[in-house]
Amino acid sequence: MATAIVCSARKVGRLTNAVRRLYSDYPKITTHYTIHPRENDPRWKDVSMERHAEETDILIIGGGPAGMAAAIRARQLAEEKGAEVRVTLLEKAAEAGGHILSGACVDPKALNELIPDWKEKGAPMNTPVTSDKFGYLTKSGRIPLPVFPGLPHYNHGNYVVRLGHLVRWMSEQAEALGAEVWPGTAGAELLYRDDGSLKGVATGDVGIAKDGSPKDMFERGMEFHSKITIFAEGCHGHLTKMVSNKYNLKEKSEPQSYGIGLKELWEVAPEKHNPGLVEHTIGWPMDKNTYGGSFIYHLKVDEGEAPLVAVGYVVGLDYANPYISPFREFQRFKTHPYVKPMFEGGTRIAYGARALVEGGWQCLPVPVFPGGCLAGDTAGYLNVPRIKGTHNAMKSGMLAAEAAVELIVSGEASHDKGVVPNIYEDKLKESYVYKELKQVRNCRPSFHSPLGVFGGVAYSGFSTLVRGKEPWTFSHGGADHSKLKPAKDFKPIDYPKPDGVLTFDLLSSVALTGTNHESDQPPHLTLKDDSIPVKRNLAQFDGPEARFCPAGVYEFVPMESGDGQRLQINAQNCIHCKTCDIKDPSQNINWVVPESGGGPAYNGM
């Protein structure tokens, strides 16, 4: 008996040592100071950590439609009131519009209000919608669905735009009014007053080596102190995550639900070009229980330019199958017999991807806190049934600016104390932004029924008919990352190989984004625990990060010892879509800003 016990103990001991060896041998992946504090690192002992500070009245984080609208409106009001109001906008992209990606079919009502003479001022909104199409795709056919006034996806009166170009134009308008736009300047850290209110933000440091040590050229970021800070970072903003946690802004709302949108720009044959045509599809290649759909927008171009079509695919990030690759589903979509002829003879000229908010009314955070507020997609103001958010983003930015200027001019907001801009929340609740989102609140979660897409389409029609006045509100049923199921419940998906003409591989696609990061810096895709990707994600879900990332950032490669696999993070590929931070089933990935100016270089995406 004693001998048996000793033998068993030895076996257990060998197994324990093997497991310990297996997990302790993982190379260190994360070197970022947000995970490994510098105060504990002797390499930083004699490095000066002083920062220069700038004071401004209104600080805006993010230069998308919401942020630019806020800057423009704030300066308009300052001029009207004859008040000195300094407006500073920080944008992480190297130039305005460089990180913007959207369909985009824009409702102009917010722009009409903000800049009534936008046509005379040359806004790049040159393609009014001329016709709408909506269809359900089977594997080999298309079933047309009705589009008429009153339906959310009726687009007459809207404009097909290259949103990055519109944002760049808005930046010019903001600067002409006296706003300061700081491109290539990413907010990295929140600053607080002694009373706990938000004081402002600090930008990221530069000159940190990949191993986390200071380079000779190390330089601290700047501090921006403000009376009111408006966060307009777009979907899943990293500073918005921090401020939401600090002030419990999501305490009474459901977890946000998201999608990932992938997009390409194509030069097509002239006979296949129909400027102003807006087309959407649902159905194939998604199964009935996976939310997804496409957009195909024909853009008007100047004489002599190649005809342009924007094509894209959105996959809801609440999908269950860990083998789904949104990128490869998009490529497969283009092979459909109805879609393929549109692009035959054409040339793909651009690619990109970005997460988008889909939660709607149920997921709205409290938009105000001591010292600031949230605006645009960072707060979740996208209208999913309409497939539009630009107008709501702009309107919320305008209302945030109105509240900020009112509090500053009255003297209530100052550098010495933080004030909660409650008047902004009041204005939002009285605006069409909240009314729109409440009216369509049940459309997106209705797709969660056992009937899937068929139940969702039927219910959305009913909800539209009653204008959202049903006396109930559906739930999304939890966070997107919690919906992913183990790999053992599914079979790997056999995606067709790219042909390099209509469908493409991931790396050649990423090359079209123009993304670029300083290679010798700590990866900005940080892991709370470097062992989790293999111990849990690979073991249970077969490494879904290698598939849900649309840029090839995450890759499982063999261990140098030949014993198992390890996660490799190709941070230089990152296109700032935020999908990894959202869909990681272990919530182990935390996206932080890289050195300022890094990321994609989109041209009118």
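Student: With which residue does Arg332 form a salt bridge, and how far apart are the closest N and O atoms?

Tutor: Side chains of opposite charge can pair when their charged atoms come close. A salt bridge is counted when a side-chain nitrogen of Lys or Arg is within 4 Å of a carboxyl oxygen of Asp or Glu. Here Arg332 pairs with Glu329, with the closest N and O atoms 2.9 Å apart. The model is a predicted one, in which local features need pLDDT of at least 70 and side-chain atom pairs count only at pLDDT 80 or more, while totals for chains, interfaces and linings use all residues. Residues are numbered from 1 along each chain as its sequence is written, and side-chain values use heavy atoms, leaving out hydrogens and water.

Student: Where do Arg332 and Glu329 lie, and is Glu329 buried or exposed?

Tutor: Both belong to helix H6 (residues 326-333); they are three residues apart, so about one helical turn separates them. Helices are DSSP runs of H or I with at least four residues, strands are runs of E with at least two, and both are numbered from the N terminus. Glu329 is buried, at 2% relative accessibility. The cut-offs, for a 1.4 Å probe and protein chains only, are under 20% relative accessible area for buried, over 50% for exposed, and in between for partly exposed.

Student: How many salt bridges does the structure hold, and which parts does the bridge of Arg51 tie together?

Tutor: There are 29 salt bridges in the structure. Arg51 pairs with Glu223, the closest N and O atoms being 3.2 Å apart. Arg51 sits in the loop between helix H1 (2-24) and strand S1 (53-55), and Glu223 in strand S14 (residues 223-225), so the bridge ties together parts 172 residues apart in sequence. Glu223 is buried, at 17% relative accessibility. Another bridge joins Asp205 and Arg220, with 3.1 Å between the closest N and O atoms; both of these residues are buried. Arg73, Glu80, Glu402 and Lys427, in turn, are linked in a network of salt bridges.

Student: At what angle do helices H2 and H4 pack, and which residues make the contact?

Tutor: Axes are lines fitted to C-alpha atoms, for helices over the stretch in contact, and angles run from 0 to 180 degrees between N-to-C directions. Helix H2 (residues 65-81) and helix H4 (residues 163-176) pack at about 20 degrees, with their axes 9 Å apart. The two helices are therefore roughly parallel; the classes are roughly parallel under 35 degrees, roughly antiparallel over 145, roughly perpendicular from 65 to 115, and oblique for the rest. Contact means heavy atoms within 4.5 Å. Pro65, Met68, Ala69, Ala71 and Ile72 of H2 meet Leu163, Val167, Met170, Ser171, Gln173 and Ala174 of H4.

Student: How do helices H9 and H10 pack?

Tutor: Helix H9 (residues 422-430) and helix H10 (residues 432-439) have axes 4 Å apart at an angle of about 55 degrees, which makes H9 oblique to H10. Leu428, Lys429 and Glu430 of H9 are in contact with Tyr432, Val433, Tyr434 and Lys435 of H10.

Student: Which residue does a cis peptide bond join to Trp284, and what is phi of Arg467?

Tutor: The cis bond joins Trp284 to Pro285, with omega about 10 degrees. Pro285 lies in the loop between strand S17 (277-283) and strand S18 (292-299). Arg467 has phi near 55 degrees, a positive value in a residue other than glycine, and Arg467 is exposed, with a relative accessible area of 56%.
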